[in-house]
Amino acid sequence: MSIQTTNTRRYSPLDDVLISADHALRTLFGRPQTTERTNPAAPLPETELREDQRKHVARLMRINHTGEVCAQALYQGQALTAKLPETRQRMERSAEEENDHLAWCETRLEELGDRKSLLNPLWYAGAFAMGAATGLAGDKWSLGFVVETEHQVESHLNTHLEQIPTHDEKSRAILEQMKVDEIKHAQIAKSAGGADLPSPIRFAMKLTSRIMTRTVYWV
Ligand SMILES: [Fe+2]
Ligand SMILES: [Fe+2]
């Protein structure tokens, strides 16, 4: 692997490995580094939920949290192999905003008294490999992969918003802001040159996401 250049800094392959490992550990076991934005749920009142509602919402938030773990992995894998420096720079802010989502979901999950998925390391590894593979395939494909991922996350957030009680303002505020951000991330990746993915790939992505959501709901 050749030496990479990001902005004015040069990273050796060993640096890349260490940076990737550090990022993975912080995503999976640490506290995400957020942007200047505040958690949209913070100013809102806590709500009374029936036990069955609390459990269901917490499991949905666990799925969203794992989705954001995958988003981190995807952007990291892509940043490692994306060829054009502009691509990495353009996607940087989106990746930072995914960290906000990760932190907000984690906080809400704690407030609802539930835990993160035990399978997160597995999903992180898979999404990282996918991000790196699409980066190797070429920037237009890796950006296209981001566009499709963000579209799928958007429709998936819509189904969660339909299921979360209207009086759970905190959970809803987080998902609403995430939806706004994901739509913007898709537009950024598209305008940076993201290609439309072939339908078998889109179908495989939907299938993988269905497996993820069904298992993470419980584990
Ligand atoms: Fe996100
Ligand atoms: Fe996103």
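Predicted model: local features only at pLDDT ≥ 70, side-chain atom pairs only at ≥ 80, totals over all residues.
Donors are N, O and S atoms within 2.8 Å of the metal (3.2 Å for Na, K and Ca); water is not among the atoms, so sites may look incomplete. Helices are DSSP runs of H or I with at least four residues, and strands are runs of E with at least two, numbered from the N terminus. Both residues are buried: E98 has a relative accessible area of 1%, and E150 has 3%. Buried means under 20% relative accessible area, exposed means over 50%, and partly exposed lies in between (1.4 Å probe, protein chains only).

Residues are numbered from 1 along each chain as its sequence is written, while chains are lettered from A and ligands numbered from 1 in the order in which they are written. Local features need pLDDT of at least 70, side-chain atom pairs count only at pLDDT 80 or more, totals for chains, interfaces and linings use all residues, and side-chain values use heavy atoms, with hydrogens and water left out.

H101 in helix α3 and E182 in helix α6 link distant parts of the chain, 81 residues apart. H101 is buried at 0% relative accessibility. E182 is buried at 1%. The two iron ions, ligand 1 and ligand 2, are 3.8 Å apart, and E98 coordinates both.

Helix α6 spans residues 169-191. Its 23 residues reach 33 Å from the first C-alpha to the last, close to the 33 Å expected at 1.5 Å a residue. The expected span is 1.5 Å times one less than the number of residues. Buried residues of α6 include I174, L175, M178, D181, E182 and H185. After α6 comes G193, with a positive phi near 115°.

Aromatic contacts were counted next. Rings of Phe, Tyr and Trp (its six-membered ring) pair if their centres lie within 6.5 Å; planes under 30 degrees apart count as stacked, over 60 as edge-to-face and the rest as tilted. The count comes to 2 aromatic pairs. Y124 and F128 are stacked, with 6.3 Å centre to centre and 15° between the planes. They sit 4 residues apart in helix α4 (residues 120-137), separated by about one helical turn. Y124 is buried at 5% relative accessible area, and F128 is buried at 19%. The rings of Y217 and W218 have centres 4.9 Å apart and planes at 80°, so this pair is edge-to-face. Y217 is buried at 18%, whereas W218 is exposed at 57%.

L14, V17 and L18 make a nonpolar surface patch of about 310 Å². V17 lies in helix α1 (residues 13-29) and is exposed, with a relative accessible area of 52%. Patch residues have over 30% relative accessible area and no salt bridge; nonpolar side chains (Val, Leu, Ile, Met, Phe, Trp, Tyr) are joined within 5 Å, like charges within 9 Å. A salt bridge is a side-chain nitrogen of Lys or Arg within 4 Å of a carboxyl oxygen of Asp or Glu. Accessible areas come from the Shrake-Rupley method with a 1.4 Å probe; for residues, only the protein chains shown count as cover.
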